[in-house]
Amino acid sequence: MDVDAFVKLHRELYDRLNEHFPTKRRRGHTPNGVIETKLCLSAAIRYYAGGSPLDIMLSHGMSRSAVYDSVWGTVDVVNKTSSMAFNDDSAHFPSHEEQTEITKGFVAMSAAGFDNICLAVDGIHPGVTSDYLAFASSELALKLEMPNNNILKSGNTMVGENAWVETPWMATPIPGLNISPTDDAYNFYHSQIRITIERAFVILVHR
């Protein structure tokens, strides 16, 4: 990212950054002084690009906890900035019209022609929190469990790995080793359409 792009991004996020990160020194909260929002944003971008927290600590003059605060704080800031929303009207989940476009993308990726997938689910969580528990307690999962919800377009589904539980709105791999050739083929193509999302998370956590 060049300087002009960074300055433009910082300007776009400026108000939210100042809301999220302290801009004035507070007793007991900022013992070493306030970290400028440009420094927080820079540390976050460097981390997203694969930078080591230790290197970021040295180059940005901040503690390890401040690095992680910058990383996750910037995620929150971006999520709250309407101009950077992925979905119409800054909605937390794609509209039915957007889901139609997303399913077309999955059809193009799927050699099996899966034509009703609107989301591939994966995640990273603190500590030893399991993927299933993290998702099951999320706002999205709780809404999907509500009767007569209108989140997913009729006929659409999401896909997740075998850590998830199969539901009317979540397609998971067929468990077991001694499965039929048809089930084995389903698992292969199911994995094929998840793998891009999983690779993105692998890069993010530097595995």
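How many bridges join strand 2 to strand 3? The count is 2, and the two strands run parallel.

## What you're looking at

This is a predicted model, where local features need pLDDT of at least 70 and side-chain atom pairs count only at pLDDT 80 or more, while totals for chains, interfaces and linings use all residues. Residues are numbered from 1 along each chain as its sequence is written, and side-chain values use heavy atoms, with hydrogens and water left out.

As for confidence, pLDDT is the predictor's own score for each residue, from 0 to 100. The protein chain averages 84, and 87% of the residues score at least 70. Helix 3 (residues 53-60) comes out highest, at a mean of 94, and helix 6 lowest, at 77.

## Layout of the chain

There are 8 helices and 3 strands in the protein chain. Both are DSSP runs numbered from the N terminus: helices are H or I with at least four residues, strands are E with at least two. Reading from the N terminus, the order is α-α-α-α-α-β-α-α-β-β-α.

Take contacts (heavy atoms within 4.5 Å) between residues at least 6 apart in sequence: 54% of them join residues at least 24 apart.

The 3 strands make an open sheet, ordered 1-2-3, with parallel pairing. Strand 1 (117-120) and strand 3 (170-171) are the edges, each pairing on one side only. Pairing here takes at least two DSSP bridges between two strands. Val159 has Ala171 in strand 3 as its bridge partner.

## Out on the surface

The accessible surface of the protein chain is about 13400 Å², and 55% of that belongs to carbon and sulfur atoms. Areas come from the Shrake-Rupley method with a 1.4 Å probe; for residues, only the protein chains shown count as cover.

Tyr132, Leu133 and Val165 make a nonpolar surface patch of about 280 Å². Patch members have over 30% relative accessible area and no salt bridge; like charges are joined within 9 Å, nonpolar side chains (Val, Leu, Ile, Met, Phe, Trp, Tyr) within 5 Å. A salt bridge is a side-chain nitrogen of Lys or Arg within 4 Å of a carboxyl oxygen of Asp or Glu. Leu133 sits in helix 6 (residues 131-136).

Asn148 lies in the loop between helix 7 (139-144) and strand 2 (157-159). Its phi is near 60°, a positive value in a residue other than glycine. Most residues other than glycine have a negative phi. Asn148 counts as exposed because its relative accessibility is 80%.

Key. Buried means under 20% relative accessible area, exposed over 50%, partly exposed in between (1.4 Å probe, protein chains only).
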